[in-house]
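Colleague: I am new to this model and would like to understand the terms used for it. Could we go through them one by one?

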Amino acid sequence: MPNAPYKNPHYALRIPTETMDKLKYIAARSGRSANKQIEFLILQHIEAWEKDHGPILFDDGFVPWSRTKEKKENVQE
């Protein structure tokens, strides 16, 4: 299905070509796709953040867009 919803949300990343080329170099040598390398790096950063600051619980009033009512209403069924 061409327009089927994806399991995970998408995020367009705009970075310089040289940076992306280097990321792809590292990813290939780590046995990952560029997408999986980015996910790996994000998860490492979240883990380091939570180690320093405690778990992220979303109990401080911050509501990510993915958890808002507007987002759910705009999802195609």
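Modeller: This is a predicted model, in which local features need pLDDT of at least 70 and side-chain atom pairs count only at pLDDT 80 or more, while totals for chains, interfaces and linings use all residues. Residues are numbered from 1 along each chain as its sequence is written, and side-chain values use heavy atoms, with hydrogens and water left out.

Colleague: What makes the pair Lys22 and Glu18 a salt bridge?

Modeller: The closest N and O atoms of Lys22 and Glu18 are 3.2 Å apart, and a salt bridge requires a side-chain nitrogen of Lys or Arg within 4 Å of a carboxyl oxygen of Asp or Glu, so the pair qualifies. A search of the whole structure finds two salt bridges.

Colleague: How are Lys22 and Glu18 placed in helix H1?

Modeller: They are four residues apart in helix H1, and therefore separated by about one helical turn; a helix here is a DSSP run of H or I with at least four residues.

Colleague: Why are H1 and H2 called roughly perpendicular?

Modeller: The axes, lines fitted to C-alpha atoms over the stretch in contact, with angles from 0 to 180 degrees between N-to-C directions, cross at roughly 90°. Angles of 65 to 115 degrees count as roughly perpendicular, so H1 and H2 are described that way.

Definitions and conventions
Helix = DSSP H or I, 4+ residues; strand = E, 2+ residues; numbered from the N terminus. Parallel < 35°, antiparallel > 145°, perpendicular 65-115°, else oblique.
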